[in-house]
Amino acid sequence: MSAAVHVEVDVANGLIVLTASGALTSALLWEAVEAVQSTEGADPDYDLIFDGSAVEVDHGVDVREISQFEGKLAATDAKLAIVGQDDLHFGIGRMYEAWSAEVAGREMKVFRDLDAAREWILSSR
């Protein structure tokens, strides 16, 4: 499966929903960052939902290395919700959450369901 990134901006709620598919690599994450930055209306202060339920996870993926992205990305207090529907994707999200806590200053949580992630983000408004 080739990498694909889809960005949806909800201006009314100050929310970006990023859906990714393809192999979970640094290149995919950079593509996702670039997609968000180049999307009209996507404000860096908006909260973000990253739905990685469709990414392919290789057993050799270095989640600790990938979690270092958070130090480069979290320039604001925007919340980050990570969605991983099955046990593998949820577990990868939890590892990202744990390892990126060292470099991130924003609130972050992992969910199995996109609606629950959206509810968590919108509940603080």
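This is a predicted model: local features need pLDDT of at least 70, side-chain atom pairs count only at pLDDT 80 or more; totals for chains, interfaces and linings use all residues.

**Labels and cut-offs**

Visitor: What makes Arg112 partly exposed?

Guide: Arg112 has a relative accessible area of 38%. Residues are numbered from 1 along each chain as its sequence is written, and side-chain values use heavy atoms, leaving out hydrogens and water.

Visitor: Why is the contact of Arg112 and Asp87 called a salt bridge?

Guide: The rule asks for a side-chain nitrogen of Lys or Arg within 4 Å of a carboxyl oxygen of Asp or Glu. Here the N to O distance is 3.1 Å, so the pair qualifies. Asp87 itself is exposed, at 61%.

Visitor: How many salt bridges does a search of the whole structure find?

Guide: It finds 2. Glu97 and Arg94 also meet in one, at 2.7 Å, N to O.

Visitor: And is Glu97 buried or exposed?

Guide: Buried: its relative accessibility is 16%. Arg94, at 44%, is partly exposed.

Visitor: How do you know that E1 and E2 pair?

Guide: Two strands (E, DSSP runs of at least two residues, numbered from the N terminus) pair if DSSP finds at least two bridges between them. E1 and E2 have 7 and run antiparallel, so they count as paired. Within that pairing, Glu8 has Val17 in E2 as its bridge partner.

Key
Buried means under 20% relative accessible area, exposed over 50%, partly exposed in between (1.4 Å probe, protein chains only). Helices (H or I, at least four residues) and strands (E, at least two) are DSSP runs, numbered from the N terminus.
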